Amino acid sequence: MPPEASCYSRARGTEVLLYLLPSLVFLAVFTYWPIVRAVATSLLEWNISHPQPRFAGLRNYIVLAADPVFHLVMRNTLLLALVAIPLSIALALLFAVLLHEPLGSLRPVYRAAVFYPTMVPMAAAAMLWVWLFNPSIGLVNYYLGRLGIPRVEWLYDMTWALPAVMISWIWKNVGYLAILYLAGLQAIPRDLLEAASVEGAGFWQRLRHVTLPLLGPTTVFVVAVSVINSFQIFDAVHIMTQGGPADRTNVVIYYLYQQAFRFWDIGVASALTVLFVVGLLSVIAAVVRQMERRVFYEV
Amino acid sequence: MPSVPAVFERNLRALLRRRAQTLLMHVTVGGLSVLWLVPYLWAVAASLKARTEIFTATPQWFPSAWQWSNYLDVFRYAPFGLYLFNTVVVVLGILLVQLVTVTVAGFAFARLEFRWRDILFYLFIVQMMLPIHAVIVPNYLTIKSLGLLNTRLAMMIVFWASGYGTFLMRQAFRQVPRELEEAALLDGCSRLRMLWSVMVPQVRPTLVAFSLISVVTHWNDFLWPLIVTDTQDVRTLTIGLAMFVQQESGADWTLLMAATVVVTAPLLVAFLLFQRQFVESFMYAGLR
């Protein structure tokens, strides 16, 4: 290391502290302390019937394990992720690939049309879809009726409420994912695609053998972002269904909210928090590891 | 050797095929665009109709008489002006502090050497994956014991450290040539002074991108403000909308849609005016 380099880069402890302390204080108080506190609180019985918290061991976890609503909540959360994420990624990829083509002066219009839901709060987006899914005067049922499909009760239907929530979520999120893919596409060197063209590769062949493999790293990021987003769905459920009918759209954060702020069971809510944090981090770790392995093999 | 007409025909075919392919692309992406626009436009249409006019057998895209008064009614029935004010205060209050915290922390991680640097940086990264929604219950208890329930400060303070912002700034500062910094330090600048007058101007695009993303994110926040507020005077737009929905549950759709448009309009107008800037910021910040 050259002497002058060490002179400017080796900082005194107090100076480093000056730069990091503002962030570290808030990280400690609102990110890391809450995790510790959730673990501690999850071991307490602390609810309406026991307003004075007392140690209860693993009681709250046992309560959850035996709770049929919790099982339904897990099912709904996973189902939502497994259906809505692949669908939104496919749509985002389609949009991005098309928007990357030279489409002339209409291109910014198309781009705005798909991206604008990113600016719409999920709570407001949910309102738009409540109106669209209205069973008697909603636009969705009207056009389905024109296609000869019988009326669906959507948000009041045990089967169709969750798909309705998924649709609103996909509508809101695809634009953002498409923009991420568009950024990935723009990073692919033009001459690589041109070389493929010269070799006689058509649009589909270029897409399959050049573009998609090179978008691997973007996809890892897109999947991670989508998993984080989908596990946190709350606003749409709160506005559209309140978890109903019969908990068919109840998802993990909504159930957490109900336990804490409707039923005032802080102990069970804390146990849910712990399970959620562990679940989220391990799913993200698994996704990233799995996808990175595949990305490197395929390229 | 092929005859002249044969060559001509082959070129013509290739041209036609390319044209057909372009047309197909326009039809696909155009159709999807319309599909994506319909939900919002349909809400705008409803917001301008008379109460009775929404119950038509076939959908009417244009009202027979434009009911601008629906918008006045929305502001009369709920204090959306106050909600807007609160939202702006909260969003800017979050952003201004974040800009300071992420700049200094990003700089330290990019340019200084110190013990436990990697471990500390890891603490910032994990926060990106552990959003506030994961730990609302313990945070609610903390805010409660700090006596901050039902304040605007409560809605801001939990977001004042940003692992994501710190990460972005670290990347940006790493791109700045070291010579700039050395020259300033040789001139006798203090490091903090150098950071402000030499480094910050170099990373302005990243600061703009982060700012836009922060504003959009917190403008759209819902769960946290919902939990820590319980009176009208501190509520933000999204919470105001949810309360309005409950209050108007007699389902006057024209008013509900007008309220939805009111809540979404400020950011959408900003987006339409600065589309390029918004799109580029979201692209850039996703790229890493």
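User: Where in chain A does A:Asp247 lie?

Analyst: This is a predicted model, in which local features need pLDDT of at least 70, side-chain atom pairs count only at pLDDT 80 or more, and totals for chains, interfaces and linings use all residues. Residues are numbered from 1 along each chain as its sequence is written, chains are lettered from A and ligands numbered from 1 in the order written, and side-chain values use heavy atoms, without hydrogens or water. A:Asp247 is not a glycine, yet its phi is positive, about 60°. Its place is the loop between helix 12 and helix 13 of chain A; helices are DSSP runs of H or I, at least four residues, numbered from the N terminus.

User: Which residues does the cis peptide bond join, and what is omega?

Analyst: A:Pro245 sits in the loop between helix 12 (235-240) and helix 13 (252-262) of chain A. The cis bond joins A:Gly244 and A:Pro245, with omega at about -10°.

User: Over which residues of chain A does pLDDT stay under 50?

Analyst: pLDDT is the predictor's confidence in each residue, from 0 to 100. Chain A has a mean of 88, and 94% of its residues reach 70 or more. Where pLDDT is low, the predicted coordinates should not be read in detail. The stretch under 50 is residues 1-8.

User: In chain B, where is confidence lowest?

Analyst: The mean pLDDT of chain B is 89, with 97% of its residues at 70 or more. Confidence is highest in helix 3 (residues 80-111) of chain B, at a mean of 95. The lowest mean, 79, belongs to helix 8 (residues 178-186) of chain B.

User: How much area do chain B and chain A bury between them?

Analyst: Contact means heavy atoms within 4.5 Å. By that cut-off, 92 residues of chain B touch 92 residues of chain A. Buried area is the accessible area (1.4 Å probe) that two parts lose on being put together, summed over both. Of the total, 77% is on carbon and sulfur atoms, and the total is about 8600 Å².

User: Which residues of chain B lose the most area to chain A?

Analyst: Together they account for 9% of what that side buries. They are B:Trp36, B:Glu113 and B:Met283.

User: How many salt bridges are there between chain B and chain A?

Analyst: A salt bridge puts a side-chain nitrogen of Lys or Arg within 4 Å of a carboxyl oxygen of Asp or Glu. The count between chain B and chain A is 0.

User: How far apart are the C-alpha centres of domain 1 and domain 2 of chain B?

Analyst: Domain bounds come from an automatic or database assignment. Chain B is divided into domain 1 (4-70) and domain 2 (78-247). Their C-alpha centres lie 39 Å apart.

Terms used: Helices (H or I, at least four residues) and strands (E, at least two) are DSSP runs, numbered from the N terminus.
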